[in-house]
Amino acid sequence: MAEPLSICYLNGALLPLREARISPLDRSFLFGDGVYEVVAFHNGYASRLPANIARLKRSLAELRIRNPHGDARWSELVHELAAANGGGDLYVYLQVSRGAEYGRNHAPLPDVEPTVFAFCAPLPAPPAELATQGLACITAQDTRWARCDIKSVALLANVLLRQQAVEAGAAETILLRDGWLTDASASAVHIVVAGEIRTPPRSHQLLPGTTRSLIEEIATANGIACRSVPVSEAALRGAAEIWLSAATRGVAPVTRLDGVSVGDGRPGPLWRRMRALVEASWVRPKGTGGNS
Ligand SMILES: Cc1ncc(COP(=O)(O)O)c(C=O)c1O
């Protein structure tokens with residue numbers, strides 16, 4: 001992972017990341033009581049920002065954390081921070097915690113002021129061999145909580161599940177709950193069966209990915225069959241193609257699952273097509289100054 005860039009945002013101010021300080025009584029530190037977003041900028045353009053802001057609002061509402069800003073201010077804040085770090089290809093990590101209060105109370109005190117923190121880092125470059133070799137993944141039982149649709153900073157299960165992949169020499173851990181595909185530790189998962197993209201339906205068991213919805217929109221616009229349907233473990237293991245999607249990785253092909261080839265063991269033709277369409281969506285439409 002690349003180093004974070006030098007300027008961050010904290011509670012209304014841009015400042016050097018090295019100088020940023022928050023209270024140890026912040027509830028995100030004591031309880032993991034906060035939410036986050038990851039906004040990808042390609043060549044200075046954040047094509048999914050409206051979806052990021054919509055998900056942020058939803059996560060805050062679900063946790064009953066006061067949303068400190070309107071949509072326009074969120075957009076401005078993210079753009080100001082990206083510009084302060086030189087713009088270009090980067091991502092903004094944006095976190096809103098319920099805030100710091102005096103003491104440690106499970107039930108939050110009323111009127112706690114949310115803490116807003118954001119920093120930038122260069123977008124990770126896809127591995128050179130992605131298009132020729134794809135990624136190796138493992139599977140594991142989904143040990144996360146019952147509200148995976150909320151983009152909460154409480155990610156202990158995701159952390160342990162990703163570590164399993166690292167220890168197995170794999171790129172990601174794909175998660176199964178009671179024999180059904182949910183998510184990966186930090187990505188959405190799509191399969192391709194008979195030329196059709198299948199993704200598990202939105203539910204409390206998985207995060208509604210902004211790249212997932214992009215893939216769905218692209219498929220619809222380009223006449224590619226695409227359905228939200230439950231995906232069984234057998235369907236996952238028998239798929240012609242498996243893809244991961246996330247803001248910082250776009251869409252990536254999985255070519256080995258638990259040591260077994262996916263399809264013919266090479267990145268598939270529909271992935272190649274989708275990758276090109278996803279990358280085209282990252283280009284700012286001509287004649288628009290900012291985000292739509
Ligand atoms: C569990 C999980 N699912 C899906 C995603 C993909 O979401 P997005 O495409 O908005 O980055 C992520 C991204 O971090 C994630 O952590």
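Me: How many nonpolar, polar and charged residues does the lining of the second largest pocket have, by class?

Reply: Residues are numbered from 1 along each chain as its sequence is written. This is a predicted model, in which local features need pLDDT of at least 70, side-chain atom pairs count only at pLDDT 80 or more, and totals for chains, interfaces and linings use all residues, while side-chain values use heavy atoms, with hydrogens and water left out. Ala, Val, Leu, Ile, Met, Phe, Trp, Tyr, Cys and Pro count as nonpolar, Asp, Glu, Lys and Arg as charged, and the others, Gly among them, as polar. The lining of the second largest pocket has 4 nonpolar, 5 polar and 4 charged residues.

Me: How much space lies in the second largest pocket, and which residues are closest to its centre?

Reply: On a 1 Å grid over the protein atoms alone, a pocket is an open set of points with protein on both sides within 12 Å along at least five of seven lines, whereas a cavity is a set where a 1.4 Å probe fits but cannot get out; lining residues have an atom within 4 Å of a point. Grid points are joined across faces, edges and corners, and a volume is the space filled by probe spheres set on the points. Here the second largest pocket holds about 190 Å³. Its lining has 13 residues, the closest to the centre being Arg55, Arg58, Arg202, Pro208 and Gly209.

Me: Which helix gives the most to the lining of the second largest pocket?

Reply: Helices (H or I, at least four residues) and strands (E, at least two) are DSSP runs, numbered from the N terminus. Helix 2 gives the most, with 4 residues.

Me: Which residues are the closest to the ligand?

Reply: A residue is near a molecule if one of its heavy atoms lies within 4 Å of it. The ligand is surrounded by 16 residues, with Arg55, Lys151, Thr210, Thr211 and Ala247 the closest. Strand 8 (180-184), helix 6 (210-221) and strand 12 (241-246) each supply at least two residues of this shell.

Me: How far is an oxygen atom of the ligand from a polar side-chain atom of Thr211?

Reply: A polar contact is a pair of N or O atoms within 3.5 Å. For Thr211 the distance is 2.7 Å. The side chain of Arg55 has an N or O atom 2.8 Å from an oxygen atom of the ligand, and that of Asp183 has one 3.3 Å from a ligand nitrogen atom.

Technical notes: Polar contact = N/O pair within 3.5 Å; in protein donor to acceptor, adjacent residues only side chain to side chain.
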